[in-house]
Amino acid sequence: MFRQSKRVTSDRRAFLDAKMVLAAYPLRLSFYLTPPLEEITLEEFETWAIDRLKVLIEIELCVARGKSGRELEAAVMPVVKQHLSLLPSGAETEHERRKDHYSHFILRLVFCRSEELRKKFVRNETALFKLRYSWTLLHERRTFIDANRDVLPWDYIGPEEKQRMSAQLHAALYQLLRTLLALESEGKVTDEMVRQLMAAQEFIKVPFRNVPDLVAQRNVLLSQGMAYIPLTAQLSLLATEFSTRLEQALVRTFRTLPRLDEDDRLVPLLNHLAANFQAFEAGGDFSNPANALDITASTVMLPEILKHMPLCATRQLRGLMADHHLRYGARMQLGVFLKGIGLLVDEALVFWQEAFTSGPGSMNVERFNKDYRYNIRHMYGLEGSRTSYKPFNCAVIMNKPKPSAGEYHGCPYRDLQADALVEQLADLGITDKHDVTAVLDDVGQNNYNIACTRVFELTHKKDGGATHINHPNLYFDRSRQLERAEGKAKA
Ligand code: SF4
């Protein structure tokens with residue numbers, strides 16, 4: 001599927017007839033039934049997969065936050081536009097359709113490795129399929145259905161059967177058709193309009209187990225084990241078909257995976273992709289590998305990364321740099337926070353070792369390896385009970401005892417004296433008397449999350465998308481998202 005050298009690729013690609021490529025991807029929607037056969041470069045292999053991964057992770061984040069429908073679409077569309085160019089306008093090129101095809105199959109190799117990963121991949125790919133379906137035009141949908149007649153397990157019912165069942169169809173599907181009409185037309189929906197739609201409507205029938213969503217919503221007529229569905233409500237059916245086929249394909253891919261172990265070019269790339277997804281997973285619902293790819297031992301302390309962190313994290317990092325050590329509470333709180341923003345375990349070991357062993361009075365590497373290495377690996381689920389710890393949210397942090405002298409865990413808004421907090425605010429550039437008083441008032445009323453949210457808004461000079469900060473990683477994630485959005489707006 002790929003080749004090693006870009007030069008060879010460009011030479012060969014010169015011979016490819018663009019029409020042939022377009023013919024290979026005539027539709028914007030795909031069930032991804034046929035694996036790609038052309039060769040691509042290693043660079044394309046990796047970048048295309050990462051781009052798709054970013055889209056799937058955005059979907060995963062939205063679903064985790066309970067977004068669906070229009071909210072999900074609003075959040076995901078910009079990411080899709082940026083990374084997959086599968087535009088609602090249908091203006092993507094054959095190159096982009098090809099990228100879509102290849103990236104899907106590359107991520108199958110990454111996500112086929114466990115049942116849990118397979119489930120996530122199927123769920124997110126199915127959500128992407130549904131979104132893209134909703135962005136297609138009516139004639140494209142028909143073309144897609146026609147092109148996949150061989151694989152869709154539905155039968156169109158003929159005029160005789162439709163006539164015979166008309167009363168039942170009308171009774172069972174009246175409300176559904178009325179709702180569909182109401183969505184399409186702005187005026188009042190009359191009974192006559194519903195009757196006309198019913199008369200013009202093609203119906204399909206499928207085994208009812210294939211459409212659990214529609215059955216649960218009572219949007220089908222059930223008769224003798226078959227579900228009768230108007231063609232206008234076909235998305236649920238297509239999505240079920242899509243996810244069923246993908247589930248089966250992933251299991252087949254998993255069985256063939258051992259053969260890949262012989263390929264020393266592919267395996268590191270796949271491991272890298274899997275590690276990025278796991279970093280996102282480990283970070284709970286808020287970290288974003290789209291951001292996290294640049295988080296390493298050498299970048300954590302850079303101003304451009306530090307400026308996105310909440311006060312609790314920056315305070316712990318300052319304590320770490322000053323003391324070349326952190327006690328268990330702060331070590332754990334900061335460790336899982338950094339893990340959540342994307343610091344992979346190998347990088348974490350480098351980061352903690354350097355922090356503990358550099359500077360006057362610090363310990364040596366042997367002592368670090370003996371006393372702390374296990375602890376860091378344990379945090380990442382690689383030792384002991386193999387529990388992969390998630391970053392603490394603010395509630396967990398504030399449930400723990402307040403720090404004593406020389407300790408840095410906890411929430412600064414709760415734990416610092418007013419003058420020390422004012423100093424920290426000044427470091428963030430918050431010196432306006434009115435602003436400082438507002439933060440101190442929040443603190444005085446024990447509204448620590450509101451104080452933190454206020455600081456977020458003041459330091460970002462705008463409303464952070466009505467985000468209520470209740471998690472340090474949410475703070476970091478939102479801050480980077482805002483910066484990314486501003487960067488795009490300026491570009
Ligand atoms: Fe950290 Fe939460 Fe406190 Fe903000 S409110 S400083 S995120 S613990």
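Visitor: What should I know about the model before we start?
Guide: It is predicted, so local features need pLDDT of at least 70 and side-chain atom pairs count only at pLDDT 80 or more, while totals for chains, interfaces and linings use all residues. Residues are numbered from 1 along each chain as its sequence is written, and side-chain values use heavy atoms, leaving out hydrogens and water.

Visitor: In what order do the four strands of the open sheet lie?

Guide: The order is β3-β4-β6-β5, with antiparallel pairing. Strands are DSSP runs (E, at least two residues) and helices likewise (H or I, at least four), numbered from the N terminus; two strands pair if DSSP finds at least two bridges between them.

Visitor: Which are the edge strands?
Guide: They are β3 (155–156) and β5 (221–223), each of which pairs on one side only.

Visitor: How many bridges join β4 to β6?
Guide: Five bridges join them, and Pro-207 stands opposite Met-226 in β6.

Visitor: Why is β6 largely enclosed?
Guide: Four of the five residues of β6 (residues 226–230) are buried, so the rest of the structure largely encloses this strand. Buried means under 20% relative accessible area, computed with a 1.4 Å probe on protein chains only.

Visitor: New topic: which helix gives the largest share of the shell around the ligand?
Guide: Helix α21 does, with three residues. Helices α21 (394–399), α22 (412–415) and α25 (448–459) each supply at least two.

Visitor: How do the shell residues divide into nonpolar, polar and charged?
Guide: Ten are nonpolar, one is polar and none is charged. Ala, Val, Leu, Ile, Met, Phe, Trp, Tyr, Cys and Pro count as nonpolar, Asp, Glu, Lys and Arg as charged, and the others, Gly among them, as polar.

Key
Buried < 20%, exposed > 50% of the residue type's maximum accessible area, 1.4 Å probe, protein only.
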